[in-house]
Amino acid sequence: MNTPCVELYTGAAMPLLGLGTWQSQPGQVQQAVEVAIDNGYRHIDCAHIYGNEKEIGAGINSRIQKGVVKREDMFIVSKLWNHFHEQEEVKPAFMKTLTNLNLSYLDLYFMHSPMGTKLHKDQSEAVESSDVDYIDTWKEMEKLVDEGLVKAIGVSNFSVAQLERLLSACRIKPAVHQVELHPYLTQPRLVQYCKFKGIVLTAYSPLGSPERPFRRDDEPVLLDDHVVNEIGKNYGKTSAQVLLRYHVQRGVAAVPKSVTPSQIKENIQIFDFSLSEDDMITLEGLNRNWRIAKWEFDGLPNHKFYPFKED
């Protein structure tokens, strides 16, 4: 079974459910990718900063070599990290990802955030903000499309104002915007804006990122929400399946992370039911503007392009 897709403005079909790989450890992620592909996943979401692209590439290529899939069946995504926003660093960073994944092209390449950074001159682990403009970074990403290295480009963690500014200056429009989305953070203004502009959305942390390393004990657990649990019981589905269905039913792709085979299989079993309109409204009503990924590390909230000041 292959997952249903959403069409990008480029004409490409992006599967509505993908495998997220943030925090998937190198010793586990290859098997996770193989299990996912064996069970119908065709969309794999990667990033340089996750530090596991070689293993992900090994998993993808093992399934291509075994004849389970062809490369053209897959939709492979990665992201340009903040340290590589300088114009001369964009293509080398992309090529590093391509080499690690052992692929000849990507289907989609995101700018991971609008915030450029650089390592401190003393070569310590300290990070400082860079003045590079994300529009200049974007122009280098457009060249990757021109060269046939990537089929589409997109952004991640941008505000509406930043999207407006980019759209006014770009030659190639972002095809996808990947942001944190779930019933506790519905971002209606951003969702409506992207829909109006023909930009497809991908939801990261669609299950509320329960295994995130910076979780505090007093923070809510979306998967344990009573309303979500009750809706799941009505359909004979888990809370995770309800939350993923909530996204894909409105044309938003979702990329839940898992390295557990049973969870990977469970997460894709969401195309055999539909939530009622009332249930969709109920889930939307759970919004509390609660953002998990605030990007509060490395002094980023003081960055001139910090995207969450509008919240």
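Leaving out residues up to four places away in sequence, lysine 79 touches Asp45, Cys46, Ala47, His48, Tyr50, Tyr109, Phe110, His112 and Gln178, a contact being defined by heavy atoms within 4.5 Å. The structure is a predicted model, in which local features need pLDDT of at least 70 and side-chain atom pairs count only at pLDDT 80 or more, whereas totals for chains, interfaces and linings use all residues. Residues are numbered from 1 along each chain as its sequence is written, and side-chain values use heavy atoms, with hydrogens and water left out.

Lysine 79 is placed in strand S5, residues 75–80 (strands, E, of at least two residues, and helices, H or I, of at least four, are DSSP runs numbered from the N terminus). Lysine 79 is buried, with a relative accessible area of 1% (buried means under 20%, exposed over 50% and partly exposed in between, with a 1.4 Å probe and protein chains only). The side chain of lysine 79 reaches the backbone oxygen of cysteine 46 at 2.8 Å, and a polar contact of 3.3 Å joins it to the side chain of tyrosine 50 (a pair of N or O atoms within 3.5 Å; within protein, one must be able to donate a hydrogen and the other to accept it, and residues adjacent in sequence count only if both atoms are side-chain atoms).

Glutamine 241, in helix H8 (residues 239–248), is likewise buried, with a relative accessible area of 6%. A polar atom of the glutamine 241 side chain lies 3.0 Å from the backbone oxygen of glutamate 266.
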